[in-house]
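Reader: I have a model open and some questions about it. Can we go through it piece by piece?

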Amino acid sequence: MNELKIKRIYLPYNEDDGFRILIDRLWPRGISKVNAFINEHCKYIAPSTEIRKAFGHKEEEYKTFAENYRNELANNKDAMPFVEHCRELLEDDNVTLLYGAKSETCNHAIILRDWIMSKLE
């Protein structure tokens with residue numbers, strides 16, 4: 001199997017990214033749709049506005065946010081089809097989940113990647 005990666009959308013495109021999926025509900029500021037090198041925009045897999053705003057990208061709220069987001073994923077009817085979609089894509093190439101958050105250590109992409117990996121095992 002190829003690699004499931006995460007990457008800030010603001011970082012340059014790399015061929016090693018493989019299939020690129022934007023996983024934010026909102027389109028990232030300052031990114032041109034023409035130059036984004038995005039294969040898909042999957043808004044439905046992003047955290048709800050409610051838990052995203054409660055989190056506010058505050059590191060001290062990350063644990064609660066992660067728990068809430070995993071609960072949302074468990075109850076999201078589109079989440080398991082997304083996992084299967086990723087599984088199929090990974091058979092052919094790397095898959096990179098793109099996010100816009102500033103923090104590379106405290107964001108929903110980490111939670112989503114780890115959750116997907118747990119389902120692929």
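Reader: How are α3 and α4 oriented to each other, roughly parallel or roughly perpendicular?

Author: They are roughly perpendicular to each other; angles of 65 to 115 degrees get that label, under 35 is roughly parallel, over 145 roughly antiparallel, and the rest oblique. The packing angle is about 80 degrees, with the axes 10 Å apart. Axes here are lines fitted to C-alpha atoms, for helices over the stretch in contact, and angles run from 0 to 180 degrees between N-to-C directions. Helices are DSSP runs of H or I with at least four residues, strands are runs of E with at least two, and both are numbered from the N terminus.

Reader: Before more numbers, what do they rest on?

Author: This is a predicted model, where local features need pLDDT of at least 70 and side-chain atom pairs count only at pLDDT 80 or more, while totals for chains, interfaces and linings use all residues. Residues are numbered from 1 along each chain as its sequence is written, and side-chain values use heavy atoms, with hydrogens and water left out.

Reader: Which residues make the contact between α3 and α4?

Author: On α3 they are Ala 79, Met 80, Phe 82, Val 83, Cys 86, Arg 87 and Leu 90, and on α4 Leu 112, Trp 115, Ile 116, Lys 119 and Leu 120. Contact means heavy atoms within 4.5 Å.

Reader: And at what angle do α2 and α4 pack?

Author: About 45 degrees, with their axes 10 Å apart. That makes α2 and α4 oblique to each other. Among the residues that meet there are Tyr 62, Phe 65 and Tyr 69 in α2, and His 108, Ile 111 and Trp 115 in α4.

Reader: Which residues touch the most other members of the largest nonpolar core?

Author: Ile 21, Ile 23, Ile 45, Phe 82, Leu 97, Leu 112 and Ile 116, out of 30 residues in that core. At least two residues each come from α1 (49–55), α2 (62–75), α3 (79–92), β4 (95–99) and α4 (108–120). The largest share, seven residues, is from α4. A nonpolar core is a set of buried Ala, Val, Leu, Ile, Met, Phe, Trp, Tyr and Cys residues joined through side-chain atoms within 4.5 Å. Buried means under 20% relative accessible area, exposed over 50%, and partly exposed in between, with a 1.4 Å probe and protein chains only.

Reader: What does Ile 45 touch?

Author: Not counting residues up to four places away in sequence, Ile 45 touches Ile 23, Tyr 69, Leu 73, Asn 76, Ala 79, Phe 82 and Leu 112.

Reader: Is Cys 106 buried or exposed?

Author: Buried, at 4%. Cys 106 lies in the loop between β4 and α4. Leaving aside neighbours within four places in sequence, Cys 106 is in contact with Phe 55, His 57, Glu 59 and Tyr 62.

Reader: Where is His 57, and what is its phi?

Author: His 57 is in the loop between α1 and α2. Its phi is positive, about 55 degrees, although His 57 is not a glycine. Phe 37 also has a positive phi of about 55 degrees, and Phe 37 is partly exposed at 48%.
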